[in-house]
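The sequence and structure come first, and the description follows.

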Amino acid sequence: MPMAADEIADLIRAALPDAEVTIRDLAGDGDHYAARVVSTAFAGLPRVRQHQLVYRALGGRMGGELHALQLETAAPSIGE
Amino acid sequence: MSDVTSRIDQLVKAKPVVLFMKGTQLFPQCGFSSRAIAILDRIGADYDTVDVLADQEIRQGIKEYSDWPTIPQLYVNGEFVGGSDIMMEMYESGELKQLVGSETQA
């Protein structure tokens with residue numbers, strides 16, 4: 001079952017309340033997404049740890065019902 | 001350590017640069033694995049690949065080993081580096097070439 005973009009964003013925001021989440025549906029098929037997530041929770045963490053926080057927010061759906069999610073994470077830059 | 005974990009441990013440490021992927025270097029079976037191969041080839045890395053499609057136990061086990069839900073997965077010197085998105089970011093910033101280059105020469 002494909003997931004809706006809103007559902008993905010809601011799950012991420014539920015786990016990372018300050019997150020700024022931008023989702024793009026890459027293929028228009030509801031199955032291949034790209035997400036950019038900006039959150040203070042990422043500050044000082046290596047990329048692997050940042051992505052793990054997002055995957056954890058998705059609660060095991062990644063790699064299952066959510067087949068493809070290109071992920072880009074960042075901490076907000078100062079002054080943003 | 002379970003059997004799968006120790007098998008994965010051996011695979012991860014068999015070479016300085018190891019890519020767990022779907023399919024083989026010549027015939028990747030997934031776009032993300034294909035992209036990972038293209039990145040490693042572009043930086044001239046000397047690496048081993050492990051086809052997770054050929055072994056269900058490894059396919060499941062590697063996700064738990066690294067706490068990472070997707071394939072491909074890159075390991076350098078026994079350490080999990082990331083999946084294809086992180087590889088692409090590190091490739092673009094030059095970090096990957098630096099990391100892989102230094103491990104290959106070591």
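Phe20(B), leaving out residues up to four places away in sequence, touches Val50(B), Val52(B), Ile62(B), Ile71(B), Pro72(B) and Gln73(B). Two residues are in contact here if their C-beta atoms, placed from the backbone, lie within 7 Å. This is a predicted model, in which local features need pLDDT of at least 70 and side-chain atom pairs count only at pLDDT 80 or more, while totals for chains, interfaces and linings use all residues. Residues are numbered from 1 along each chain as its sequence is written, and chains are lettered from A and ligands numbered from 1 in the order in which they are written.

**Cores**

Phe20(B) also belongs to the largest nonpolar core, which has 28 residues. A nonpolar core is a set of buried Ala, Val, Leu, Ile, Met, Phe, Trp, Tyr and Cys residues joined through C-beta atoms within 7 Å. A residue is buried if 20 or more other C-beta atoms lie within 10 Å of its own, exposed if 12 or fewer, and partly exposed in between. The members that touch the most other members are Leu19(B), Phe20(B), Ala36(B), Leu40(B), Leu74(B) and Met87(B). At least two residues of this core come from each of α1, β1 (17-21), α2 (31-42), α3, β3 (73-76), α4 and α5 (95-105) of chain B. Helices (H or I, at least four residues) and strands (E, at least two) are DSSP runs, numbered from the N terminus. α2(B) supplies the largest share of this core, five residues. A second, separate core has 18 residues, among them Ala41(A), Met62(A), Leu69(A) and Leu71(A).

**The two chains**

Chain A has two helices and three strands, in the order α-β-β-α-β from the N terminus. Its radius of gyration is close to the 12 Å that the globule rule gives for 80 residues, so chain A is as compact as a globular protein of that length. The radius is taken over C-alpha atoms, and the rule is 2.2 Å times the number of residues to the power 0.38. Chain B contains five helices and four strands, which follow the pattern α-β-α-β-α-β-β-α-α along the sequence. For the 106 residues of chain B, a compact globule would have a radius of gyration near 13 Å, and the value of 13 Å agrees with that.

| Chain | C-alpha extent along the principal axes | Buried residues |
|---|---|---|
| Chain A | roughly 40 × 20 × 20 Å | 29% of 80 residues |
| Chain B | about 35 × 30 × 20 Å | 40% of 106 residues |

Among contacts in chain A with a separation of 6 or more, 52% are between residues 24 or more positions apart. In chain B, 66% of the contacts between residues at least 6 apart in sequence join residues at least 24 apart.

**Where the chains meet**

Ten residues from chain A and nine residues from chain B form the contact. On the side of chain B that touches chain A, the elements giving two or more residues are β4 (79-82) and α4 (84-93) of chain B. α4(B) gives the most, with three residues. This side of chain B divides into three nonpolar, two polar and four charged residues. Ala, Val, Leu, Ile, Met, Phe, Trp, Tyr, Cys and Pro count as nonpolar, Asp, Glu, Lys and Arg as charged, and the others, Gly among them, as polar.

**Helices α1 and α3 of chain B**

The axes of α1 (residues 3-12) and α3 (residues 56-66) of chain B come within 9 Å and cross at roughly 80 degrees. α1(B) is therefore roughly perpendicular to α3(B), a label for angles of 65 to 115 degrees. Axes are lines fitted to C-alpha atoms, for helices over the stretch in contact, and angles run from 0 to 180 degrees between N-to-C directions. Val4(B), Thr5(B), Arg7(B) and Ile8(B) in α1(B) meet Glu57(B), Ile58(B), Gly61(B), Ile62(B) and Tyr65(B) in α3(B). This helix contact has five nonpolar, two polar and two charged residues.

Gly61(B) counts as partly exposed, with 18 C-beta neighbours inside 10 Å. Beyond its neighbours within four places in sequence, Gly61(B) is in contact with Val4(B), Thr5(B) and Ile8(B).

**Backbone features**

Most residues other than glycine have a negative phi, and most peptide bonds are trans. Ile71(B) and Pro72(B) are joined by a cis peptide bond, with omega about 10 degrees. Pro72(B) sits in the loop between α3 and β3 of chain B, and Asp67(B) is in the loop between α3 and β3 of chain B as well. Asp67(B) has a positive phi, near 55 degrees, and counts as exposed with 12 C-beta neighbours inside 10 Å. Asn77(B), in the loop between β3 and β4 of chain B, has a positive phi of about 55 degrees although it is not a glycine. With 17 other C-beta atoms within 10 Å, Asn77(B) is partly exposed.

Notes: Parallel < 35°, antiparallel > 145°, perpendicular 65-115°, else oblique.
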